[in-house]
Amino acid sequence: MDVISIKLLTNNLEKTTAFYQELLDFEVVTKNQHEVIFRVGTSLIRFTENLSFNTIYHFAFNIPQNQVESALSWLQSKVEVILDTNEQSITKFEDWNAQGVYFYDNNGNILEFIARKDLNDHSSESFSSNLIRCVSEIGLVSDEPLTLAEELIQEYGLNYFEKGPILSDFTALGDHNGLLILSRTGRNWYPTQHPAQKNSVSIKFTVENQIHTLDF
């Protein structure tokens, strides 16, 4: 699974544009008074303004597996990094053979840089936004995550992530390149105390070279 684009909402387009363009150095593809589109690696992120929007998203970006420390240093000069439950800046996901760094954007969205060792992706460059490979995770919130998972598997030919887990309140579909993260409503987004809430998201993605659009 590869994420081509995600479409999200923001209640402040100007501040969102400033955060992603000026702090994270994402390329602006296009911008008008209603929306802005950024390119990040092989993916696009579209923010559309909705002044009444007041929930948060969780999404993640793949980075090279040897760049976690450098990515952390790069982020710490720009934003406040979220510590994990062990009070560490870098979270180790033993089951997923990966490491991640979490931070907030201007909207309170929970973002993550994640380095997946199974992808065997290395880079000798100094870390910058140019080393962000793609959007690799987007969270979907449902009262019944496993019911939603089965519906998505049937409709789009997805599979449960081979690393797991498959739990009543949390599971993932896809692979190391792209994952749909399914959380039960009210379950806290790791590593924060922010409960997952339903919101509007549109995802364009490929499964076995077939392009799909999921409006959720």
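1. In this note, a residue is buried when its relative accessible area is under 20%, exposed when it is over 50%, and partly exposed in between, for a 1.4 Å probe and protein chains only. Helices (H or I, at least four residues) and strands (E, at least two) are DSSP runs numbered from the N terminus. The model is predicted, so local features need pLDDT of at least 70 and side-chain atom pairs count only at pLDDT 80 or more, while totals for chains, interfaces and linings use all residues. Residues are numbered from 1 along each chain as its sequence is written, and side-chain values use heavy atoms, with hydrogens and water left out.

2. The secondary structure of the chain comes to 3 helices and 14 strands. Its radius of gyration (over C-alpha atoms) is 16 Å, close to the 17 Å that the globule rule gives for 216 residues, so the chain is as compact as a globular protein of that length; the rule is 2.2 Å times the number of residues to the power 0.38. Of the 216 residues, 53% count as buried. Along its principal axes, the C-alpha trace spans about 40 × 40 × 35 Å.

3. An open sheet of 6 strands has the order β2-β3-β4-β1-β13-β14, with mixed pairing; two strands pair if DSSP finds at least two bridges between them. Its edge strands are β2 and β14 (210–215), each of which pairs on one side only. Neighbouring strands of the sheet are turned by 20 degrees against each other on average, direction ignored. Here axes are lines fitted to C-alpha atoms, for helices over the stretch in contact, and angles run from 0 to 180 degrees between N-to-C directions.

4. Helix α1 (residues 13–23) packs on this sheet and touches β1 (2–10), β2, β3 and β4, its direction making about 15 degrees with that of β3. Helix α3 (residues 145–156) also packs on the sheet, touching β13 (202–207) and β14, and its direction makes about 145 degrees with that of β14. Contact means heavy atoms within 4.5 Å.

5. Strand β3 (residues 35–40) has 5 of its 6 residues buried, so this strand is largely enclosed by the rest of the structure. With β2 (residues 27–31) it runs antiparallel, joined by 4 bridges, and the two form a hairpin with 3 residues between them. Glutamate 27 has arginine 39 of β3 as its bridge partner.

6. On β4 (residues 43–49), β3 pairs in the antiparallel sense over 6 bridges. Phenylalanine 38 is partnered there by isoleucine 45, and arginine 39 by leucine 44. The hairpin of β3 and β4 has 2 residues between the strands, and in it glycine 41 takes a positive phi near 60 degrees.

7. In α3, the buried residues are Pro145, Leu148, Ala149, Leu152, Ile153 and Tyr156. They cover an arc of only 140 degrees around the axis, which puts them on the same side of α3; the arc is that of the directions from the helix axis to the C-beta atoms. These buried residues pack against β10 (134–142), β11 (170–174), β12 (179–184), β13 and β14. The face turned away from the buried side carries the exposed residues Gln154 and Glu155. Just after α3, glycine 157 takes a positive phi of about 70 degrees.

8. Asparagine 209 is found in the loop between β13 and β14. This residue is exposed, with a relative accessible area of 74%.
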